[in-house]
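I record what I looked up and what I found.

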Amino acid sequence: IPYTMTVGRCAQVPIAYVSGACTHPDYRRQGWMRRLLAQAHRSMYDQGRYFSTLIPAHEGLKAYYARSGYVSCFHRMVEKIVINRHEKPVDNFSPVLTFSKLTREELVENSPVCTFLNERWSAQPCCVLHDADDLQVIYQDLLLDAGGVVQVWENGCRVGVAFWIPDGNGGCRVKELVLADATDTVDVLMQLGHYLQVD
């Protein structure tokens, strides 16, 4: 699957993502996957995609994919911030944040929200960028888990986008929070909890 990835703070390179690679059980340990990956790499290279990425289904596959040239280069960071919305007193002097649920119709190429997300992701030193079609798939996936996408506004300006799902305990888990510079993460999470009416 073709993507673009940021490298450093100023370059973007075309890459390809390998998805759904598997071998029928009757044909395993015969070298079919290694040959398939070699052909896929040649095809990617011919298309001008000099990097290939994938996410192994489990840790044990890292060594397997290493034999085809893959190395661990992305490390997912999960930051656990537990927010109890009743603990923090109201600060009447802080700017008021407002929230709105993102609709599928807003996720179209060059829409303001897609532009915001790609500007923020493009500022990261090593990030796979998503176009509107990818965001549509992500959006639908969140809906299947009874979650969604919420936009964060401050004084009428978009300052964030939160991708969330319920956590099964009356709360929610924010899978990704994309914020403008100088936007307070804890403040957003506190007020997002109020907006989503979670404990």
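The entries below begin with the model and then turn to salt bridges and to one alanine.

I am working with a predicted model, in which local features need pLDDT of at least 70, side-chain atom pairs count only at pLDDT 80 or more, and totals for chains, interfaces and linings use all residues. Residues are numbered from 1 along each chain as its sequence is written, and side-chain values use heavy atoms, with hydrogens and water left out.

**Salt bridges.** I searched the whole structure and found three salt bridges (a side-chain nitrogen of Lys or Arg within 4 Å of a carboxyl oxygen of Asp or Glu).

I noted Arg42 and Asp46, whose side chains meet in a salt bridge at 3.8 Å, N to O. They are four residues apart in helix 1 (residues 32-46), so about one helical turn separates them. Helices here are DSSP runs of H or I with at least four residues, strands are runs of E with at least two, and both are numbered from the N terminus.

I then looked up Asp181 and Arg120, whose closest N and O atoms are 2.7 Å apart. This pair links distant parts of the chain, 61 residues apart: Asp181 is in the loop between strand 8 (172-179) and helix 5 (185-196), and Arg120 is in helix 3 (residues 112-122).

**Ala132.** Is Ala132 buried or exposed? I find Ala132 buried, because its relative accessibility is 5% (buried is under 20% relative accessible area, exposed over 50%, partly exposed in between; 1.4 Å probe, protein chains only). Ala132 lies in helix 4 (residues 132-144). Its C-alpha is 5.2 Å from that of Val108, 24 residues away in sequence.
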